[in-house]
Amino acid sequence: MIDAQKISVTLSGAPILNEVSFRAQAGQLTAVVGPNGSGKTTLLKAATGELPYSGVIDLDGRDIQDYSTADLAARRAVLPQAAALAFPFTVLEVVRLGLLSGLHAEDDDLPSRVLAHVGLAGFEGRFYHALSGGEQQRCQLARVLVQVWQPVRSGRSSWLFLDEPVSALDIGYQLEVMQIARDFVDKGGSVVAVMHDLNLTSMFADSVALLAGGRLLVQGDPTTVLTDQHLSAAYNCNVRVNVAPEQIGQVPFILPHMASLG
Amino acid sequence: MVTFDTSIASKFRRSSGDRRDLAMRVIWISALLLAVMIVASLTVGASGTSLLAALMDWASGLDIGLRERVILFDIRAPRTLMGVLVGASLAVSGAVMQGLFRNPLADPGLVGVSAGAGLGAILAIVLGGLLPPAIAAFTGIYTVPMAAFLGGWLTTMLLYRVSTNRGRTSVAVMLLAGIAVGALSGALSGVLVYMADDAQLRDLTFWGLGSLAGATWTKFAVAAPLIALSLAATPFLAKGLNALTLGEATAQHLGIRVQLMKNVAILTVAGATGAAVAVSGGIGFVGIVIPHLLRLAIGPDHRYLLPASALLGGSLLLFSDMISRTIIAPAELPIGIVTATIGGPFFLYILLRNRGVLDI
């Protein structure tokens with residue numbers, strides 16, 4: 001479990017997060033949503049140890065500050081929002097970087113298998129720079145999956161931190177990538193994902209943390225968090241939440257609109 | 001395990017995306033090339049004395065003459081070994097610096113390490129006479145090399161202090177600070193050049209252009225431990241530099257202790273560059289051309305790039321040195337002129353051919 005208590009982050013004098021407390025249970029997909037600039041990515045970066053913060057963040061009952069870099073790398077992988085590559089690696093070489101944590105270094109075929117898993121079979125020899133934005137995003141996802149390939153390792157759930165994993169993807173791949181995250185969770189893994197798309201969040205998340213203005217507005221299961229009232233307050237616009245047809249799970253679906261429905 | 005059967009060739013197809021076998025083959029070829037260059041360097045020279053001829057004499061029971069012995073073992077051998085070490089240092093510190101800065105055009109020359117070392121050397125040449133006799137007697141012929149090494153080391157420390165804040169080194173600040181330090185070193189060096197007399201000016205010119213001509217076993221002994229230590233650290237840097245390609249945060253997430261790795265990288269570069277500049281002056285382009293060429297051939301994987309750079313850097317320097325001491329024999333052309341003449345156009349050619357591919 002990730003237990004973050006009263007996390008505050010100040011970047012160059014500006015407060016970004018203000019005493020945010022949130023939890024992500026092992027074996028669940030926890031989505032962090034909120035408007036632009038609400039502090040979603042900052043919260044994720046604090047939780048991965050990238051940014052200095054005040055407050056306490058525990059991972060599986062231990063302060064993340066007390067983990068060694070190698071221990072953390074063995075327990076969780078992080079997909080950043082944008083990943084620039086300094087040198088011309090091939091797709092296979094980028095994915096192989098996921099083996100650096102050493103967990104699956106013996107498994108030489110793993111990178112190719114994972115590439116097929118994210119829909120990039122046969123892309124091994126392409127140069128990363130020459131890929132489209134969506135292909136690059138899936139290539140990075142493959143690298144991250146290679147790092148924590150086993151959803152459960154030594155009896156412990158592995159963690160995936162995904163910062164807007166579907167931002168560059170078409171709707172087909174959005175579903176495919178979210179399904180990969182879902183599969184990881186269903187096999188015992190844990191996912192924390194910063195999400196923009198509320199409908200995908202509603203379809204795939206077990207728990208939703210809604211941020212606004214650097215504060216946690218509410219956290220809970222999608223049906224309790226994704227309501228007209230919460231979303232209108234957080235996003236500062238009219239939002240009508242409907243219920244999707246039974247065939248696709250009766251999850252909330254969200255329609256922002258300009259009309260005043262009274 | 002490296003095999004050379006033809007089935008390997010199919011693995012080299014770019015479509016596999018796996019360049020490890022190719023990289024290993026390039027490393028073996030580079031090692032072979034270096035061996036050839038070492039023999040050639042011992043054989044080629046103004047005097048016409050040949051290693052092979054001497055060995056043949058020795059094998060057929062004849063004594064090797066004193067003249068041959070001096071030329072081979074006291075002049076060419078230290079010069080050759082020094083060339084290998086200096087070439088390897090320059091190429092490897094270039095590759096490490098580029099990995100650290102995540103920029104294929106970074107070079108120790110760029111972050112001011114070479115300029116700082118140069119300032120140290122010029123200080124020693126121009127103002128060395130002002131040293132108290134006791135110190136001058138102690139440092140002796142090592143005054144210039146030691147001052148160059150100190151200059152390079154101090155520059156690196158200064159850069160490090162300026163660009164590190166709360167345990168994190170900002171590569172951007174270090175790069176910019178390097179430009180500032182380089183400019184300052186250049187300005188101070190310029191002042192010293194104005195103060196220099198004619199004899200000193202001649203020394204400065206030759207030192208500044210770079211040369212292996214002063215190589216002796218004692219100089220070799222001064223430089224070798226530092227260079228060897230720096231090169232020995234590189235295998236521990238390779239994985240970290242690979243991860244750093246994705247940025248510092250991602251490297252950390254992959255389990256690399258980024259701050260430690262950067263510290264080792266900085267010390268490695270300072271040691272290798274400082275020692276190389278100290279004994280051979282300013283030899284340019286090796287640190288840019290060799291890693292660049294290798295990256296095009298085998299890719300940016302530092303586990304292969306660093307050893308291949310060392311081997312090929314040594315070869316390039318020996319080759320350049322052979323040109324420098326034979327082309328206007330019995331006089332010598334400073335080797336820096338040769339490396340710049342080979343390296344400059346070659347570098348431009350690489351850029352021209354790959355400007356569509358390389359994002360620089």
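Asp58 of chain A stands opposite Asp63 of chain A, which belongs to strand 5 of that chain. Before I continue, please note that this is a predicted model, in which local features need pLDDT of at least 70, side-chain atom pairs count only at pLDDT 80 or more, and totals for chains, interfaces and linings use all residues. Residues are numbered from 1 along each chain as its sequence is written, while chains are lettered from A and ligands numbered from 1 in the order in which they are written.

Strand 5 of chain A is joined to strand 4 (residues 54-59) of chain A by two bridges, and these strands run antiparallel. Strands pair here if DSSP finds at least two bridges between them; strands (E, at least two residues) and helices (H or I, at least four) are DSSP runs, numbered from the N terminus. Both strands belong to an open, antiparallel sheet of four strands in chain A, ordered 2-1-4-5. Its edges are strand 2 (14-24) and strand 5 (62-63) of chain A, each pairing on one side only.

I turn to chain B. The axes of helix 10 (residues 217-244) and helix 12 (residues 258-280) of chain B come within 8 Å and cross at roughly 150°; axes are lines fitted to C-alpha atoms over the stretch in contact, with angles from 0 to 180 degrees between N-to-C directions. Helix 10 and helix 12 of chain B are therefore roughly antiparallel, a term for angles over 145 degrees.

Finally, the contact between the chains takes 27 residues from chain A and 27 residues from chain B, contact meaning C-beta atoms, placed from the backbone, within 7 Å.

How values were computed:
Parallel < 35°, antiparallel > 145°, perpendicular 65-115°, else oblique. Contact = placed C-beta atoms within 7 Å.
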